Amino acid sequence: GMPLTYREFNAFCGALPATTHVVQWGGAHVWKVGGKVFAIGGWERGHHPGITFKVSDIAWEMLRDAEGCRPAPYLASRGMKWIQSYDKGLGKRELKQYLKASHALVAAGLSKKKRAELGV
């Protein structure tokens, strides 16, 4: 399917609970929950947006060698499980599922107090 556009990416991430958006790291769209990054739109290779998200161990095993996906530059090298979908990588529906999962993974790593404040 068609990849997500940045507009669709930003709209989707903005609709998730307690998110904030900042443009940093060379013009990338960086989305955070509780001050921690869960999604990045940017650093594309080719013509389609590069969309980066945190994944579970199982998703990492599935996606790191999948066509149009790769361990995310800068992040994966630090031992963190982040995937970048680029060019004709994941379709819109799949990407949205992974972005939602990334948001949940990162929110789960926040302190109890912070999660209560944010309602996540």
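Me: What makes Cys69 count as buried?
Reply: In this predicted model, the relative accessibility of Cys69 is 5%. Buried means under 20%, so Cys69 counts as buried.

Me: And Cys13, buried or exposed?
Reply: Cys13 has 0% relative accessibility. That value also falls under the 20% limit, so Cys13 is called buried.

Me: Why is the contact between Glu8 and Lys92 called a salt bridge?
Reply: The closest N and O atoms of Glu8 and Lys92 are 2.8 Å apart. The cut-off is 4 Å between a side-chain nitrogen of Lys or Arg and a carboxyl oxygen of Asp or Glu, so the pair qualifies as a salt bridge. This pair links distant parts of the chain: Glu8 is in helix α1 (residues 6-15) and Lys92 in helix α3 (residues 92-108), 84 residues apart.

Me: What makes Glu8 partly exposed?
Reply: Its relative accessible area is 29%. Partly exposed lies between the 20% limit for buried and the 50% limit for exposed, so Glu8 is partly exposed. Lys92, at 28%, is placed in that class too.

Me: Why does the pair of Asp57 and Lys81 count as a salt bridge?
Reply: The N to O distance for Asp57 and Lys81 is 3.6 Å. Since the limit is within 4 Å, the two side chains meet in a salt bridge. Asp57 is in helix α2 (residues 57-63), while Lys81 is in the loop between β5 (69-71) and β6 (82-85), 24 residues apart. Asp57 has 53% relative accessibility and so counts as exposed, whereas Lys81, at 29%, is partly exposed.

Me: Where do Lys113 and Glu117 lie, and what makes them a salt bridge?
Reply: Both lie in helix α4 (residues 112-118), four residues apart, about one turn of the helix. The N to O distance is 3.5 Å, and the limit is 4 Å, so the pair is a salt bridge. Both Lys113 and Glu117 are exposed.

Me: What makes the protein agree with a compact globule?
Reply: With 120 residues, a compact globule would have a radius of gyration near 14 Å. The protein has 13 Å, which agrees. Its C-alpha atoms fill a box of roughly 40 × 30 × 25 Å along the principal axes. Buried residues make up 43% of the 120.

Me: Which elements does the protein have, and how do they run?
Reply: There are four helices and six strands. From the N terminus on, the elements run α-β-β-β-β-α-β-β-α-α.

Technical notes
Residues numbered from 1 in each chain as written. Predicted model: local features only at pLDDT ≥ 70, side-chain atom pairs only at ≥ 80, totals over all residues. Heavy atoms only, no water. Buried < 20%, exposed > 50% of the residue type's maximum accessible area, 1.4 Å probe, protein only. Helix = DSSP H or I, 4+ residues; strand = E, 2+ residues; numbered from the N terminus. Rg over C-alpha atoms; globule rule 2.2 N^0.38 Å.
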